[in-house]
Every structure is written in structure tokens, then in C-alpha cells.
Amino acid sequence: MKEIAESDCPDSFRLLYNHYYTKLFRQALYYLNNNPDYAQEVVADVFVALWQSRKILDTITDPDAYLFIALKHAAARYVEKNYRKKTELLIENLPDNNYSSSDETDFDILDIELQTKYKQALEKLPPRCAEVFRLVREERKKYSEVAEMLGISPKTVDNQMNKAVKLLYEELKENLFIVFF
């Protein structure tokens, strides 16, 4: 690592990459539910970050520990970023239940089914969690407004929203394909 830090040597970096890639990839698979695409992306992120911060590599005394800790943090960031993004897209793209036509297309039927599943998932939320979620998502209230209305802190509103999004994602994740494709 010292050679990489001192001389920006791509060949030394390639050797480091070749030495650690498989080990890091296997660990990333473990962190990311055996999804090779996600694992590959996270490992690539680790190596890109490593190359970008190569000037400090000479200060690293235990490359194994450094790389595996970097991988763990990168995997956690990846999961959180993608989990939130998919869940928010799912919830934001739920269809409205305003149907006036008796000539329903296949898409209309799918929308009705998805709306029904969404309502069923909402009913499974704990009461306070569901109340906070409805106020924020359906009534478009700000966290501070909800906190004041319910006599709780904005942080509690945030915690309840995170809990609701996580639970709704678990209930609706099979329907992500229907919403986006």
C-alpha cells in the first residue's frame, strides 16, 4: 500500500485489487443476501474510494482490517440508500383509487389490486406508526406539524416514518415489479 500512496502506481494497485477482490466479494455477498450484482457494485465502490484516497494508504497498518471495515460500511450505505429509494418510489407511485369508468383495463385492475394490498399493509402497521405515516404521506404534513399535532418530537415522527416505510416495504416488495414495469 505504501508504494501506491507514494507513487500512484496503478500496477501496485492492480495487485492489491487482484489479491483482495475475491475475499471482499464473498464478504459482500454475505452482507447483501447473496446478490452478486449488488456485491460487485459495493466492492467496486470500495476500490474506487481506496484509489481516490491513495495518498493516505501508507498510514494503514492492517490492510485486511481496513478493507473489510470499509466494505462493511459501504454495504451498509448501499443497503440503506437503495432500500429507502425503492420503498419511497413504491409508496409515491401507488395509484389513486379514483375509478369512474366501468370499462376497466388490465392496468386498472392491477392498480386496484395494488391499492388493496397497500391498504392491507397499512392496516398491519402499529396504530401510532400508521397515524404518523398517514399524516405525512397522505395528508402531506411536515414532520414538525405532525410532531406538534401528536405531542411528540420530530425525531419520533422520523423514527415512526422509518419504521412504517420498512414494514410497508416488507409487505409490498413483491409488487415493485408491477409498479415500475
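Q: Is Glu 131 buried, exposed or partly exposed, and what is its relative accessible area?
A: A quick note first: this is a predicted model, where local features need pLDDT of at least 70, side-chain atom pairs count only at pLDDT 80 or more, and totals for chains, interfaces and linings use all residues. Residues are numbered from 1 along each chain as its sequence is written, and side-chain values use heavy atoms, with hydrogens and water left out. Buried means under 20% relative accessible area, exposed over 50%, and partly exposed in between (1.4 Å probe, protein chains only). Glu 131 is therefore partly exposed, at 35%.

Q: Which residue does Glu 131 meet in a salt bridge?
A: A salt bridge here is a side-chain nitrogen of Lys or Arg within 4 Å of a carboxyl oxygen of Asp or Glu. At 3.8 Å, N to O, the partner is Arg 128.

Q: How are helix 6 and helix 8 oriented: roughly parallel or roughly perpendicular?
A: Their axes are 9 Å apart and the packing angle is about 95°. Axes are lines fitted to C-alpha atoms, for helices over the stretch in contact, with angles from 0 to 180 degrees between N-to-C directions. Angles of 65 to 115 degrees count as roughly perpendicular, under 35 as roughly parallel, over 145 as roughly antiparallel and the rest as oblique. So helix 6 against helix 8 is roughly perpendicular.

Notes. Helices (H or I, at least four residues) and strands (E, at least two) are DSSP runs, numbered from the N terminus.
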